[in-house]
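I opened this notebook to record what I looked up in one structure.

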Amino acid sequence: MPAPPPPSSSPPPEHAAAATETTPLHPSFRGAPPPSPGTYIIQIPKDQVLRVPPPDRARRYKKLAARPLRRRRVRHACCAAFCAVLLLVLLATAFVGAVYLVFRPRAPSFSVASLSVRGLDALAVSSFTPQIDAAVRADNGANKKTGIDYRGGGEVTISYSGERLAAGPWPAFHQAPRNVTVFSTALAGGGVSLTEEQRKRLAAEQAAGAVPLAVEAIVPVRLRFGKVLRTWTVDVKARCEVTVDKLAAAAAPANRGCRVKVRPLWWWW
């Protein structure tokens with residue numbers, strides 16, 4: 001008799017088909033379920049977003065992108081200009097301070113040495129034509145290393161009680177350090193009229209031998225430090241209060257003080 005067939009380890013086909021239909025698959029082999037209809041929000045990290053403008057706005061994008069660079073350049077240029085100006089100011093200040101410490105400039109002093117007055121003796125007339133010869137003393141003794149150049153175009157005036165009597169030129173000359181210069185200038189006036197009150201007061205002051213006059217001068221000057229260094233031209237204003245004993249050729253002036261002002265060179269006072 002034939003031997004029976006050996007037992008097989010695989011199940012019959014019908015049993016295998018049944019097992020395949022009933023055994024669940026591994027989750028990794030399952031496909032993603034289709035999304036349900038609706039609105040969804042997708043979140044993507046910023047570092048993964050590619051910012052590319054559309055072609056119609058590419059020119060505007062380049063213009064806006066280049067604006068911060070221009071601003072940085074403008075800021076850098078402004079900072080450089082400010083630093084350069086500040087450096088120049090510091091250097092100029094240091095130079096002026098060094099010159100001041102070395103030369104120690106001082107303002108000169110002035111006084112009226114003599115006055116010769118003509119044309120004011122007849123107080124009965126309505127108008128005067130004064131003629132005054134003034135000798136002015138300029139003292140530069142306070143400056144040991146600084147010379148003074150008195151430029152042309154200066155003017156000297158004499159007034160009484162606010163009324164201008166005569167005017168004349170200030171001569172141009174150079175004054176060395178520690179120098180005293182006395183110069184004479186001729187002053188002339190015309191059509192000078194005084195009020196009745198001023199006439200009475202002037203007559204009383206002549207009788208008392210003390211007539212107050214104001215001598216004013218505006219002179220353009222330049223300082224000279226050594227032989228090379230010079231300053232720019234500035235106006236020196238001086239005002240001297242003088243009292244004379246009489247309005248005559250041999251008047252004796254008495255100085256009551258002079259004030260000197262140099263506005264642009266405040267450190268030179």
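The entries below go from the whole chain to single residues.

**Entry 1. Ground rules**

I worked on a predicted model, in which local features need pLDDT of at least 70, side-chain atom pairs count only at pLDDT 80 or more, and totals for chains, interfaces and linings use all residues. Residues are numbered from 1 along each chain as its sequence is written, and side-chain values use heavy atoms, with hydrogens and water left out.

**Entry 2. Confidence**

I looked up pLDDT, the predictor's confidence in each residue, from 0 to 100. The protein chain averages 80, and 75% of the residues score at least 70. A contact here is a pair of heavy atoms within 4.5 Å.

**Entry 3. Overall architecture**

I took helices (H or I, at least four residues) and strands (E, at least two) as DSSP runs, numbered from the N terminus. The protein chain has three helices and 11 strands. I noted their order from the N terminus as α-α-β-β-β-β-β-β-β-α-β-β-β-β. Of contacts between residues at least 6 apart in sequence, 66% join residues at least 24 apart.

For surface, I used accessible areas from the Shrake-Rupley method with a 1.4 Å probe, where for residues only the protein chains shown count as cover. The total for the protein chain is about 18600 Å², and carbon and sulfur atoms hold 61% of it.

**Entry 4. Helix α2 and the annotated segment**

I checked the UniProt record, whose unreviewed entry lists residues 77–103 as "transmembrane region". Its positions are given in the numbering used here, feature names are shortened, and annotations may be inferred rather than shown by experiment. In the model, residues 77–103 are 100% helix and 0% strand, with the end C-alpha atoms 39 Å apart.

Which residues make the nonpolar surface patch of about 320 Å²? I found Phe 82, Leu 86 and Leu 90. Patches are made of residues with over 30% relative accessible area and no salt bridge; like charges are joined within 9 Å, and nonpolar side chains (Val, Leu, Ile, Met, Phe, Trp, Tyr) within 5 Å. Phe 82 is in helix α2 (residues 58–103), and it counts as exposed because its relative accessibility is 57%.

**Entry 5. A buried phenylalanine**

Is Phe 225 buried or exposed? Phe 225 counts as buried, since its relative accessibility is 5%. I located Phe 225 in strand β8 (residues 211–225). Its C-alpha atom is 5.2 Å from that of Thr 146, which is 79 residues away along the chain.

**Entry 6. Salt bridges**

I counted a salt bridge where a side-chain nitrogen of Lys or Arg is within 4 Å of a carboxyl oxygen of Asp or Glu. The count comes to eight salt bridges.

- Arg 118 pairs with Asp 133, the closest N and O atoms being 3.3 Å apart. The pair links distant parts of the chain, with Arg 118 in strand β1 (residues 109–118) and Asp 133 in strand β2 (residues 131–139), 15 residues apart. Arg 118 counts as partly exposed at 37%, and Asp 133 counts as partly exposed at 33%.
- Arg 201 pairs with Glu 197, with 3.8 Å between the closest N and O atoms. Both residues lie in helix α3 (residues 196–208), four residues apart, about one turn of the helix. Arg 201 is partly exposed at 30%, whereas Glu 197 is exposed at 58%.
- Glu 241 pairs with Arg 239 at 2.8 Å, N to O. Salt bridges that share partners join Glu 216, Arg 239, Glu 241 and Arg 256 into one network. Glu 241 is partly exposed at 24%, and Arg 239 is partly exposed at 27%.

**Entry 7. Backbone angles**

Where does Arg 104 lie? I placed Arg 104 in the loop between α2 and β1. Its phi is near 50°, a positive value in a residue other than glycine. Arg 104 is partly exposed, with a relative accessible area of 40%.

I noted a positive phi for Arg 178 too, near 55°. Arg 178 is in the loop between β6 (173–175) and β7 (180–188). Arg 178 counts as exposed because its relative accessible area is 56%.

Technical notes:
Buried means under 20% relative accessible area, exposed over 50%, partly exposed in between (1.4 Å probe, protein chains only).
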